[in-house]
Amino acid sequence: DAAMHRRVTLALELPPPTRQQREAIWAKHLPEKYPRGEDVDLELLSRFDLTGGYIKNAVVHALSAAVARADGGEVVVTQQDLEAGAKAQARGAMANPGLRRGVDASKATPSLDGVVLSTRARAELESAISRENARATLGKWGFTEEAMTHTIAILGVAGSGKTYAARAVASALDKPVVVVGAAQVLKSS
């Protein structure tokens, strides 16, 4: 719809992460403070063609396996645990019911530092935040509210970080976020 496209001030696509980005995502979800086996190889794990959301789920799956194996003892996540989690995500066969009780991202305070983005995507989101923060000055210069409205459309495959990025922008601006799926938009038209 042409009217909708006119109102979108930034359309940003978050493509699936590159292998290097996947390695960074694995590192974010497996900080050094977490007990992990000496065999854990993030570069090897980055070969699994998963998006960030699926990598997070693979880590939770691996942690669940490590906790179950520890039986009250020391919990150590191994490469085998992580690969099993990654393979389960790749198959889409998440049979572990404990996984569905994962972290509720809506209760976290996200930041752009928490999402692995391309340099261009990060710069565009930071620019959008800067423009929104300049709103008061623009108002003093006579710009109308309509002229200062910013609408960001974030597109990408499942697990690419769309919702997290939207929440991070909203958090940076101390504003509420409205997440609308494409299915909702198409259904209402």
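The model is predicted, so local features need pLDDT of at least 70, side-chain atom pairs count only at pLDDT 80 or more, and totals for chains, interfaces and linings use all residues. Residues are numbered from 1 along each chain as its sequence is written, and side-chain values use heavy atoms, leaving out hydrogens and water.

**Exercise 1.** Work out how α4 is oriented relative to α5.

Step 1: find the helices, which are DSSP runs of H or I with at least four residues, numbered from the N terminus. Here α4 covers residues 52–70 and α5 covers residues 79–91.

Step 2: take the angle between the axes, lines fitted to C-alpha atoms over the stretch in contact, with angles from 0 to 180 degrees between N-to-C directions. The two axes come within 8 Å and cross at roughly 135°.

Step 3: classify the angle. Under 35 degrees is roughly parallel, over 145 roughly antiparallel, 65 to 115 roughly perpendicular, and the rest oblique. Therefore α4 is oblique to α5.

**Exercise 2.** Check the span of α5 against its number of residues.

Step 1: the expected span is 1.5 Å times one less than the number of residues.

Step 2: for the 13 residues of α5 this should give 18 Å, and the end C-alpha atoms are 18 Å apart, which agrees.

**Exercise 3.** Decide whether Lys28 is buried, partly exposed or exposed.

Step 1: locate Lys28, which is found in helix α2.

Step 2: recall that buried means under 20% relative accessible area, exposed over 50%, and partly exposed in between (1.4 Å probe, protein chains only).

Step 3: Lys28 has 43% relative accessibility, so Lys28 counts as partly exposed.

How values were computed. Helices (H or I, at least four residues) and strands (E, at least two) are DSSP runs, numbered from the N terminus.
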